[in-house]
Amino acid sequence: MHGVKVMAGLSFEELFREQYPALVAVGVSVLGSADTARDLAQETMARAHANWATVAAADVPEAWLRRVMNNLLVDHLRRRQVEERALQRVANRPPVEPMVHGSATQMAEMLAVLPERQRLVVALTYVADLSVADVAAALGIAPGTVKASLWKARRTLEKHLNEESRR
Amino acid sequence: MNDIEQTLRDASRDARRVAASAIDLDADLAATLQRPTSERGDGSESSSAGHRVLVVSAAAALIVFLIGGMLLIARSESGVDPAGPVSSSPTSPSNVAVVPSTAPATPLEPLLPSATTAPVPQDSVPPDTTATPDVESVTVPVSYLDPPPLYSPVPFATIERPASADEGFQFAVGDGIIVVTGDDTNVHVLDTVTGTTTRRQLAVRVALPVFGPGNVLYGVSYTPPSSDAVSQMPDAAIVAQPIRDEPIEVVDSTSVDANTYLEPPLGTLVAGPDGIYDVERARGRVTDYVGSETFDVPVPPLIDREPTDGTIVRSGDQTAQWTLNVDQHPNAAVPFVGERPAAPGPNGTTRVVRYIGPRLEAEPVDFGTPTNPVIADLQPGTGQWWTLPDDWTVVESSTRGTLLVRDTGDQFELAWFEPDN
């Protein structure tokens with residue numbers, strides 16, 4: 001299911017059934033909301049459908065999907081930050097929708113302490129089970145940068161978890 | 001597999017389980033196929049919680065906009081990359097319809113890391129040392145009489161000490177790797193992801209090693225004079241050696257004046273936005289990068305130092321300035337190769353290393369062994385000195401991090417200087 005390679009000549013429906021669950025899983029792990037993750041994954045697949053000639057002709061259709069999904073996730077994270085900070089400034093109150101606590105998954109709560117790129121790198125590596133090369137392709141960065149991001153993310157998470165366990 | 005690895009794998013299984021339970025493939029496929037004809041934004045309006053946020057935030061955004069602060073707040077505090085957001089307008093109303101097009105509506109440019117600022121092109125001419133009115137200037141003092149707080153390094157790895165390190169060693173931090181050089185072409189390469197060390201051989205030995213983009217190692221190489229011209233100085237060049245290649249070869253070479261690079265302090269060469277800079281001697285760009293198409297790593301601004309006063313540091317983009325009032329012990333050691341230049345650090349920081357304690361030797365000596373290392377962590381408008389333990393040395397600093405090393409005799413212990421963590 002995860003990190004699965006798309007066979008040439010797949011129909012849109014077949015691509016959807018192969019890739020949609022993995023897109024949702026990555027979205028859940030980054031955002032913590034299954035509803036929003038489904039929505040962004042559907043948006044990704046809808047764009048693939050609208051551009052089916054391009055996507056179907058691609059050597060790696062799933063890479064196209066991952067990049068669109070990743071960009072939608074980043075869009076969402078940044079907009080959520082803007083909205084929450086605007087709310088806080090105007091109303092001088094805490095965020096309406098906490099970004100970390102109460103997330104639908106343990107992964108989302110863990111990743112909330114990371115910068116956005118590290119979140120995506122970790123989610124694609126562990127949840128989507130992609131190789132370093134595939135993560136690099138999905139994010140448009142060098143494999144070395146993926147490795148460095150993974151290393152930094154693990155260190156940050158380890159430190160954070162250790163602090164949490166001491167409390 | 002360590003604890004964090006297992007924790008991540010367990011959490012991943014949990015995320016996949018949650019996702020699987022939320023999915024109805026047939027229904028979601030049908031909903032997807034209906035989307036091109038329906039209005040939609042980023043999708044957050046489909047959830048009730050997201051819808052609530054949108055409604056409230058739209059009102060909030062309107063109020064903020066009316067008081068003229070919306071844009072400033074969003075840009076200054078959201079962490080949105082000013083050089084190019086992923087979406088065309090992350091601060092635009094969320095309920096804008098997205099119309100399917102022949103290309104993804106979301107640009108596919110590579111993401112810049114959130115904490116990375118866009119590279120600022122540098123002039124190779126030494127900058128004007130006259131402070132301009134918009135320069136943010138701050139004084140950051142340190143005194144041996146009142147040493148700053150102690151920073152306790154936390155080792156993250158060890159690396160075997162090259163046999164030739166007794167004659168001197170230098171470190172360079174690349175993307176996912178750390179290289180330690182000795183006094184010959186043999187180097188040890190630490191993979192910072194796996195923690196494994198490999199031995200490699202450079203094509204030529206280099207001094208002042210520094211990584212540019214694509215893990216290409218740059219450094220000064222000296223060619224001894226021919227035997228019939230022993231009085232001549234050796235030729236020198238800044239050479240480029242991609243570490244990823246096997247065998248490692250010199251792929252580019254730029255001749256430099258050998259006199260310039262006699263006994264230079266560590267940190268003289270720095271990776272800049274468009275090439276390698278000499279921030280100490282030549283005070284400008286000394287070579288271009290090879291393979292500019294691999295220019296895919298964050299690069300630091302050039303840190304400049306007043307040529308007439310080593311205590312004034314300017315950021316590479318000339319927008320910030322720090323006056324470092326360093327009060328050293330009267331018997332402080334005098335560095336043989338001069339004070340180290342300021343260096344870039346991660347997340348837009350600037351780092352400066354000094355020694356403020358008395359020299360180790362009791363008797364008068366020409367130079368002496370310095371003690372009580374301190375490091376300044378400088379950010380625009382502010383700065384903080386930290387004391388480092390005497391057995392730790394700052395061996396390299398770049399946008400990738402400030403690396404501390406402790407020499408235990410048979411290996412090097414490595415730690416990052418991360419005062420914010």
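Colleague: How many bridges join β23(B) to strand β24 of chain B?

Modeller: Bear in mind that this is a predicted model. β24 covers residues 401–407 of chain B, and β23(B) runs antiparallel to β24. One bridge pairs Thr393(B) with Val405(B) in β24(B). The number of bridges between the two strands is 5.

Colleague: OK, and in what order do the strands of the open sheet with β23 come?

Modeller: That sheet has 4 strands, paired antiparallel, and belongs to chain B. The twist averages 25° from one strand to the next. Read across, the order is β3-β25-β24-β23.

Colleague: Which strands of that sheet stand at the edges?

Modeller: Look for strands with a single partner, so that one side of each is left without a neighbour in the sheet. In chain B that picks out the stretches 155–160 and 393–398. Those are β3 and β23.

Colleague: Switching to voids, what is the volume of the largest cavity?

Modeller: Counting cavities of 30 Å³ or more gives 7. The largest of them is lined by 23 residues, and the closest to its centre include Leu266(B), Gly267(B) and Glu396(B). Its volume is about 250 Å³.

Colleague: Which strand gives the most to the lining of the largest cavity?

Modeller: Several strands of chain B each supply at least two lining residues, among them β4 (170–173), β12 (269–271) and β20 (350–355). The top contribution is 5 residues. That comes from β23(B).

Colleague: β8 is in chain B too, I see. Which strands stand at the edges of its open sheet?

Modeller: This sheet of 4 strands is ordered β8-β9-β10-β11, with antiparallel pairing. Neighbouring strands are turned by 25° against each other on average, direction ignored. A strand at the edge has a single partner, so one side is left without a neighbour, and in chain B that applies to β8 and β11 (252–256).

Colleague: Which residue stands opposite Phe211(B) in β9(B)?

Modeller: β8(B) covers 207–211. The strand pairs with β9 (residues 216–223) in the antiparallel sense over 3 bridges. The residue opposite Phe211(B) is Leu217(B).

Colleague: And chain A: how many helices and strands are there?

Modeller: From the N terminus on, the elements run α-α-α-α-α-α-α-α. The totals for chain A are 8 helices and 0 strands.

Colleague: What percentage of the residues in chain A is buried?

Modeller: Chain A exposes about 6,300 Å², with carbon and sulfur atoms supplying 50% of that area. On the contact side, 60% of contacts between residues at least 6 apart in sequence join residues at least 24 apart. Of the 167 residues in chain A, the buried share is 59%.

Conventions. Residues numbered from 1 in each chain as written. Chains lettered and ligands numbered in written order. Predicted model: local features only at pLDDT ≥ 70, side-chain atom pairs only at ≥ 80, totals over all residues. Heavy atoms only, no water. Pairing = 2+ DSSP bridges. Axes fitted to C-alpha atoms, helices over the stretch in contact; angles between N-to-C directions. Buried < 20%, exposed > 50% of the residue type's maximum accessible area, 1.4 Å probe, protein only. Contact = heavy atoms within 4.5 Å. Areas by Shrake-Rupley, 256 points an atom, 1.4 Å probe, with all protein chains shown as cover. 1 Å grid on protein atoms, 1.4 Å probe; cavity = no way out; pocket = protein on both sides within 12 Å on 5 of 7 lines; lining within 4 Å. Points joined across faces, edges and corners; volume = space filled by probe spheres on them.
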